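The following paragraphs lead the reader through a single protein chain. Please keep the sequence and the three-dimensional view at hand while reading.

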Amino acid sequence: MWITSSLATALTPTTVALGNFDGLHRGHRQVVEPILNLNNRSTNLLSVCPSELATATELDEGKNLQLFHQDLKVSSWHYKSELGSNDDKQGQKIYSTVVTFNPHPQEFFSGKPKKLLAPITEKLDLFKQIGVEQVVLLPFNQELANLTPIQFVEEILVKYLQAYRVSVGWDFRFGRKRAGDAKDLQAIATNYNIGVTIVPLYTCENGERISSSIIRQALEEGDLKKSNRLLGRPYSLVGQVVQGQQLGRTLGFPTANLQLPPQKILPCFGVYAVEVYISGQNQTQEIFSGDRPYLGVMNVGCRPTLNGLHPTVEVHLLDWSGDLYGQTLTVNLIEFLRPEQKFASLDILKAQINEDCSIARNILTNQTT
């Protein structure tokens, strides 16, 4: 998957899905689906990471990679031998492209950091999983915010992306002061022979509305079943294991202290039954959990029994022993077990953790059988 923050380096021509897509929930996927090239799901374009998180030295130099535009916030990589090899019937490759904004427009206008269901690296991975071939991360700045709806179409979609087709949600707004809506986009794009798909409001089978704000609220309330239902998958926390206070080890339940991106939305403080995927490499061993997750219990909160002052995310893996420092964990939240609480003693806390582990094991084992 090709990723760039510069329109000048975008692969063209394109089919384009426009939006913020925070969390890439079930409704978002309905918007992206119309632009996907279903015959080219196995494209060999390589996914890239923001340059502040990955460097050239971390990638396999034997894979014939080439670095472009090193001055960009997001570097652009590709397999030189594979680029452009998937042509359509007319002999021209059309790239299924998501155009999204970085930072989130609300963050730009408010001047305050916005908490996200899926920070940028997570969102990129989700796009890759569903078969998107290119992501254009438009830097949301004053210049972009000042574009009129007509200028947006002419500059972004026509001039730089050479779009053949565009897909947006029914509530899509664009242009200066959000002046344009989905039907305006359709009317303007028609003048340039660009087809526009307007995806209607998508709901769950029970009629429940799906939106990022509703998912955020469900997570804050500990309604994990609702958030996962609207997402269409378990809500995940992805982070690196870092050194903690090792208090869990003294209680007989060693935990991995997870460092998350600062923009990541934390769910309601409490204890969760989780499935954990491990990847990465430390100095002494390499661990891959493959397709089968480890079962675990996660605590999110300030650990009031231990007089904690700052929120932490700690994961205890059932039936696991080993060194996880430096590893990257993907923690899928399966069920909310109980809210965070303060216990009268460490012995009572230890007994409760033991019970939490038993309950989690029962839940997770039963769902996989």
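Thr14 stands opposite Ala163 in β7. Four bridges join β2 (residues 14–18) to β7 (residues 163–169), and these two strands run parallel. Strands count as paired if DSSP finds at least two bridges between them. Helices (H or I, at least four residues) and strands (E, at least two) are DSSP runs, numbered from the N terminus.

The model is a predicted one, in which local features need pLDDT of at least 70 and side-chain atom pairs count only at pLDDT 80 or more, whereas totals for chains, interfaces and linings use all residues. Residues are numbered from 1 along each chain as its sequence is written, and side-chain values use heavy atoms, with hydrogens and water left out.

The pairing of β2 with β7 belongs to an open sheet of six strands, in the order β1-β6-β5-β2-β7-β10, with parallel pairing. Because β1 (2–4) and β10 (195–199) stand at the edges with a single partner strand each, one side of each is left without a neighbour in the sheet. Neighbouring strands of this sheet are turned by 20° against each other on average, direction ignored. Axes here are lines fitted to C-alpha atoms, for helices over the stretch in contact, and angles run from 0 to 180 degrees between N-to-C directions.

Helix α5 (residues 149–160) packs on this sheet, where it touches β2, β6 (134–139) and β7. The direction of α5 makes about 130° with that of β2. Contact means heavy atoms within 4.5 Å. Helix α6 (residues 182–190) lies across β2, β7 and β10, and runs at about 165° to β10.

Helix α3 (residues 120–129) can be followed through its buried residues, which are Glu122, Lys123, Leu124, Leu126 and Phe127. Buried means under 20% relative accessible area and exposed means over 50%, with partly exposed in between (1.4 Å probe, protein chains only). The cover over the buried residues of α3 includes β1, β5 (95–102), β6 and β11 (235–242). Just after α3, Gly131 takes a positive phi of about 100°.

In the loop between β1 and β2 lies Pro13, which is joined to Thr12 by a cis peptide bond with omega of about -5°. A cis peptide bond also joins Asn102 and Pro103, with omega of about 5°; Pro103 lies in the loop between β5 and α2. The loop between β8 and β9 (180–181) contains Lys177, whose phi is near 55°, a positive value in a residue other than glycine. Lys177 is exposed, with a relative accessible area of 80%. Arg178 is found in the loop between β8 and β9 and has a positive phi of about 55° although it is not a glycine. The relative accessible area of Arg178 is 53%, so Arg178 counts as exposed.

Together with Asn20, Asp171, Phe172 and Arg173, Arg178 lies nearest the centre of the second largest pocket, which is lined by 41 residues. The elements giving two or more residues to this lining are α1 (26–32), α2 (105–110), α4 (142–145), β8 (173–174) and α7 (212–220). The volume of the second largest pocket is about 1,100 Å³. On a 1 Å grid over the protein atoms alone, a pocket is an open set of points with protein on both sides within 12 Å along at least five of seven lines, where a 1.4 Å probe fits; lining residues have an atom within 4 Å of a point. Grid points are joined across faces, edges and corners, and a volume is the space filled by probe spheres set on the points.

Ala256 is buried, with a relative accessible area of 4%. Not counting residues up to four places away in sequence, Ala256 touches Val241, Val313, Glu314, Val315, Leu324 and Leu329. Ala256 and His316 are 60 residues apart in sequence, yet 6.4 Å apart in space, C-alpha to C-alpha.

For the chain as a whole, there are 10 helices and 16 strands. Of its 369 residues, 46% count as buried.
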